[in-house]
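Have the sequence and the model open side by side.

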Amino acid sequence: MSERKVLVNGVELRATVKEGKGRIPMIWAHCMGGCRKSEQIEGIFDWKLDCVEKLVKYDSRGHGESDGGGDAEDYIWATLSHDLTGVAKQLCGQDSKLIVGGASMGSATAIHAAVASPSRIRLLILCLPPPCYESRTEKRNFMNVLAESFEKPGGYDKYVTMNRAAKPLPIFAAAGKKHTWEAPAFQPESAHLAMKGASLSDYPPRDVLRELKTPTLILTWEGDSMHPEESATHLHSLLPNSKLHIARKFEEVEKWPNLVAEFIRENQTAVVAPPPLADPSAMDESLLANDGNNKSARQSSGDSKSKCCCCCIS
């Protein structure tokens with residue numbers, strides 16, 4: 001394992017690289033308020049190395065040991081996806097094909113990266129997708145209130161105290177477990193920017209996701225209002241080549257590393273030759289229209305397919 005510093009889009013980000021035995025590198029993005037260290041403590045996203053060439057995890061801007069600063073637009077999901085691909089270019093190779101995944105904010109970052117680079121990103125692993133489209137309205141208001149409180153004296157410290165005292169999610173409590181993050185992993189001076197950026201964020205337009213043929217594994221758990229099942233099932237209904245697993249008990253969460261490894265092995269062909277997008281030109285126009293504040297409401301899709309806490313608020 002090696003620790004790395006990479007300068008991406010004017011910000012120094014910290015990353016960890018673990019060598020594996022597979023054919024293609026994997027890059028992983030954490031949730032908002034998380035970092036590499038908090039995920040290591042939690043142990044949930046401890047992916048197996050025998051199915052990837054290397055595993056790259058990095059602290060997003062304004063989190064963990066990475067630098068922050070800038071403005072709120074630097075923290076919207078579409079912009080964070082440029083940081084992800086920038087890290088990948090430096091640590092995985094300029095033109096290397098990739099497996100990309102993330103949790104919560106990281107999963108949304110991964111989706112934007114895959115839409116922007118479908119020929120490069122061959123597999124997607126999306127854990128705990130946050131609320132999307134119309135369902136983000138309430139969360140946007142909540143995050144704006146938090147962002148304003150962070151800018152007041154003692155506001156961020158109160159938030160840290162609140163998270164330390166929070167009850168574990170039902171799926172953890174039922175198993176006698178608890179989230180072990182000691183505190184949110186924001187850089188305190190950038191926490192309000194990250195929160196404002198999240199309030200401005202959303203997924204790419206629905207019609208764009210319907211055209212994304214990248215094999216995708218979606219993982220979520222029940223009983224988490226910050227990452228509702230409805231977000232995962234809606235993504236599953238949009239992404240034509242996706243599989244969905246909803247954990248109903250903690251023992252199923254502990255099997256996620258095996259599910260991810262199996263998914264990667266099942267899709268080795270996609271590593272070599274992924275299916276093309278149906279209409280890349282149309283996709284690019286939609287992206288340009290959506291790569292801002294994502295304020296316009298979109299019509300909800302009623303389609304669905306069969307199903308195969310903490311400080312993370314994205």
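**Cores, a buried lysine and salt bridges**

The largest nonpolar core has 57 residues, and Val87 and Met195 are those with the most contacts inside it. A nonpolar core here is a set of buried Ala, Val, Leu, Ile, Met, Phe, Trp, Tyr and Cys residues joined through side-chain atoms within 4.5 Å. Buried means under 20% relative accessible area, exposed over 50%, and partly exposed in between (1.4 Å probe, protein chains only). This is a predicted model: local features need pLDDT of at least 70, side-chain atom pairs count only at pLDDT 80 or more, and totals for chains, interfaces and linings use all residues. Residues are numbered from 1 along each chain as its sequence is written, and side-chain values use heavy atoms, with hydrogens and water left out.

Start at valine 87. Setting aside residues up to four places away in sequence, Val87 touches Val6, Val8, Leu13, Ile27, Val56, Tyr58 and Cys92. Contact means heavy atoms within 4.5 Å. A second, separate core has 29 residues, including Cys51, Val52, Phe172 and Phe250. In soluble globular proteins, nonpolar side chains tend to be buried together.

Now widen the view. The protein has 13 helices and eight strands. These are DSSP runs, numbered from the N terminus (helices: H or I, at least four residues; strands: E, at least two). Of the 314 residues, 56% count as buried. The accessible surface comes to about 13,400 Å², and carbon and sulfur atoms account for 49% of it. Areas come from the Shrake-Rupley method with a 1.4 Å probe; for residues, only the protein chains shown count as cover.

Helix α7 spans residues 191–199 and is mostly covered, with eight of its nine residues buried. Among them are His192, Met195 and Ser199. The buried residues of α7 pack against α4 (136–150) and α5 (155–165).

Next, find lysine 54 in strand β4 (residues 54–58). A polar atom of the lysine 54 side chain lies 3.0 Å from the backbone oxygen of leucine 91. Beyond four places in sequence, the contacts of lysine 54 include Val17, Gly20, Ile24, Pro25, Met26 and Cys92.

Aspartate 59 and arginine 36 form one of them, at 3.1 Å, N to O. Aspartate 59 lies in the loop between β4 and α2 (77–92) and arginine 36 in helix α1 (residues 36–42), so the pair ties together parts 23 residues apart in sequence. Aspartate 59 is buried at 2% relative accessible area. Arginine 36 also counts as buried, at 11%.

Aspartate 83 and arginine 61 meet at 2.7 Å, N to O. Aspartate 83 sits in helix α2 and arginine 61 in the loop between β4 and α2, so this pair links parts 22 residues apart in sequence. Both residues are buried.

Glutamate 211 and lysine 213 form a salt bridge at 3.6 Å, N to O. Here glutamate 211 is partly exposed at 28%, and lysine 213 is partly exposed at 23%. Finally, salt bridges that share partners join Glu3, Arg36, Asp59 and Glu65 into one network.

Definitions and conventions
Polar contact = N/O pair within 3.5 Å; in protein donor to acceptor, adjacent residues only side chain to side chain. Salt bridge = Lys/Arg side-chain N within 4 Å of Asp/Glu carboxyl O.
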